[in-house]
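My notes follow, in the order I looked things up.

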Amino acid sequence: MLILVMGMSSLRAGLFFDEDLHGVSIMWGISCMLLTAGYVLTGNKPRFLMQHKNPLFPLLVCVGGIVIIYIWHGMNGSISAEGTGNEIIRWGLFGSVGTALWMASREQEGGRMLRLVWHMTGLILCGSALLAVYGLVDLPHAFFRSANLEASATGARLGGLLQYPNTFGAVMAAFLLERLFALPAALRGRASPLRTAAALLPLAPYTAALLLTESRGAWLAALLACAAGLAAERRWVAPLLAASAAPVAGAALLYRQLADAQLAPAVLPGLLWLAGLWAGSVLAGLLLWRGLRSYPGPAPVSAPDTIAGRPHDKALNLPSVIIQGTAPDQVLVPADRLSNDTAQGTVTDTTTSTSLGNGCGAASGIISVPASVTGYRQLIVIIMSSALYVIAFATVLSRVKARLVGGAETMSARQLMYHDAWGLFSSAPWLGRGGDTWRLSYRSIQSQPYVGAEVHSGYIDLLLNTGVIGSLMVFILLLMSAIRLRTTCPSLVPSLSVLMIHSIIDFDWSFGLVWLLILWLAAMGSGQTSRDASQAAVLKRTTEVSRTSRFRLISFIRKFRLHHVLFLTGMVCLTAWTALASSYWIGNRYYEQALYTANREERKQLLKTSIRWNPASPEAAVLLAELLPPKEAADLLNRSLVRSPGHPALTWQMAELHAMSGNSRQAAVWYKISIDRDRHHTVKQTRAILSLAQMARNQWASGKNRAAIHTAYSALEIYDLYRQSVEVMVRNPLVRNDRDFRMTIQAEQEGRKLKQRIAESNLRINANAMDIPVLLTPNTR
């Protein structure tokens, strides 16, 4: 089940789109309900919920709190009922998957499965992206192409299955750092060349994929996370840097070749170049690693005293290592570079290795190696590694220097977003305004006409949706996960850190896959301690095979206790959550069918069915309103506006509906409301002025002069505000104008005509007033 969820998340654009999220949630919810029902019928007690100091409780409390906040918004009104419902589905998926991940990590086979799925996910994401570069796999929207140097230094950036280079770069950085910091555990001892090559194999592809994204934020986040990881593992700085030097250099050369071809190289020569660089980097990395096998590592520590072959090393906090007769010409190095069976009596290592797949619990013992071996060899390795890093840096910098030095355009856009988002946050600081707050509000509050349906910060987006309280819950969850990983499996902390750091400056958290990777890392790290606790407790499970499911159900009813209440509550919540995801998914399917249906009546019926399944969908309401009579369309739009108040598309459709019905007063009101929700929309501004002007002319033609003047003044009011906004932009040449906001010729001409017609009407009214005789009453005083 977990394998299927992660696979679908990878293949379906990282669960960025709501329809993909609904499909995965339905599959997951039905599977969970079936497993939970089977669990209850067997009569097994959920012991993991009753354990003290359970790491699952922070997950349930924090995610449950987020869901409750969104439910509160859905019941009391939010900026978007559909967006709030999607967030309930999203966080419900994260909470249930996180629970399943923790349960799986408690078993040894489950822990192995989690690591296997992690590596398979990395293989799918990275492998499919690189194969798409060579044209061997067809991935729509896998590349972002632009001639603007601010957007791409080479003209093409790799987005892979996620279809977004920045987030794809952060994900590749997470997989790269996980493999990098797993090297000490994977290569300790006299590992065979095949095992060493297998450990070094993923470094070059992950690095190449990260470079091809050209994501400066992902590069910076990876460097910061890597530096923090190396600082925490100071003993392994030199071996790790030496082993990764060749793969990094090979990836840089591959990046240069593919960037010059704008990610469209010749297939056969390109594959040969890829294979040669990949194999050469692995071989060079293997040689450099072996060259530092005699690296002295930590400072020499005196050998512990031994009694009857058992060392007293607890006071030194060292693993059980016996060092016998260290000669003066020998230095001490980490024992985990030599296996127990090769010490040959000089060193006896009784440490046990744990979690070799992800580097958790790497040994740090001390062994002796002749000092004569460690002098010149280390110097050569250090010089060669440094040269490779210099080559890699120069190769990449020569291609992206303009983009690295520049970048003011994208940074200014983010600064404007953050400034406007702060003002929006101030209006509802504690609990936010529900799902899709930024997406539906930014056009009404933006200080300049930039383009940005995503706020480009996962933390700010969460702050707008759930306020300080919800953001604090998520922050506590992430902090506790990082602290627990730091204690149980430090090698996974850099991977978690890069996902957390990059989310500060981009909308990674809009991708469900990123949250699943965060939960996956937390589960892999806590799995070892959970299994140890389970083994220490020696929990005995008894199963009465002779009883049928009927008798087990009766036994369950008789032994109705608190944990059964919890499970029944969870079952009800899971059923309601699955039903919500199903209704949204079915409604979206009917809506998509309607989009591709040419028959008017058939489209109308499909849209009605879509709204019955998902009444909160504004898109379906807008499309259906165009097919209904005016009165029915108005009723439909009013109902939709109750669920999504101020929705730009709904308010605009309401204005157009009143304009087509000839109701000039209501049309003017709704045009103003709609334009206020989208102030920098050139087409809407022009359309509103032209529509009201035409209605005013019709009213003048039919003799309704008073109504015509009122309508004309409404059009002029919109025109004056439109002109003032354009003049502000013209006076400031530094203003961003991504939306091409400008004064159109049609609006300018119509504005002049309206002013002239109103002036003529006023003169006529004044002339008529002067023709009226005035009767003077004599003063009789």
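Ground rule for element names: helices (H or I, at least four residues) and strands (E, at least two) are DSSP runs, numbered from the N terminus. This is a predicted model, so I keep in mind that local features need pLDDT of at least 70 and side-chain atom pairs count only at pLDDT 80 or more, while totals for chains, interfaces and linings use all residues. Residues are numbered from 1 along each chain as its sequence is written, and side-chain values use heavy atoms, with hydrogens and water left out.

I started with Leu472, which sits in helix H16 (residues 458-488). Areas are Shrake-Rupley with a 1.4 Å probe, and for residues only the protein chains shown count as cover. Leu472 itself has a relative accessible area of 48%, so I log it as partly exposed. My cut-offs: buried is under 20% relative accessible area, exposed over 50%, partly exposed in between (1.4 Å probe, protein chains only).

**Whole chain.** I count 28 helices and 8 strands. Of the 781 residues, 51% are buried. The chain exposes about 37,000 Å², and carbon and sulfur atoms supply 63% of that. Among contacts (heavy atoms within 4.5 Å) with a separation of 6 or more, 75% are between residues 24 or more positions apart.

Does the length of H6 (residues 165-180) agree or disagree with 1.5 Å a residue? Its 16 residues should span 22 Å, and the end C-alpha atoms are 22 Å apart, so that agrees. The expected span is 1.5 Å times one less than the number of residues. H6 is mostly covered, with 16 of its 16 residues buried. Buried residues of H12 include Leu274, Leu277, Val282 and Trp289. The buried residues of H12 pack against helix H7 (183-187), helix H8 (193-200), helix H9 (203-212), H11 and helix H13 (376-405).

Most residues other than glycine have a negative phi. Gln163 has a positive phi of about 65°; it lies in the loop between strand S2 (156-158) and H6, and it is partly exposed at 33%. Gln262 also has a positive phi, near 55°.

**Asp506.** Is this one buried or exposed? Asp506 has a relative accessible area of 1%, so it is buried, in the loop between helix H17 (493-502) and helix H18 (512-537). Its side chain makes polar contacts with the side chains of Tyr164 (2.8 Å) and Arg414 (3.2 Å). A polar contact is a pair of N or O atoms within 3.5 Å; within protein, one must be able to donate a hydrogen and the other to accept it, and residues adjacent in sequence count only if both atoms are side-chain atoms. Not counting residues up to four places away in sequence, Asp506 also touches Asn166, His456, Ser457 and Gly458.
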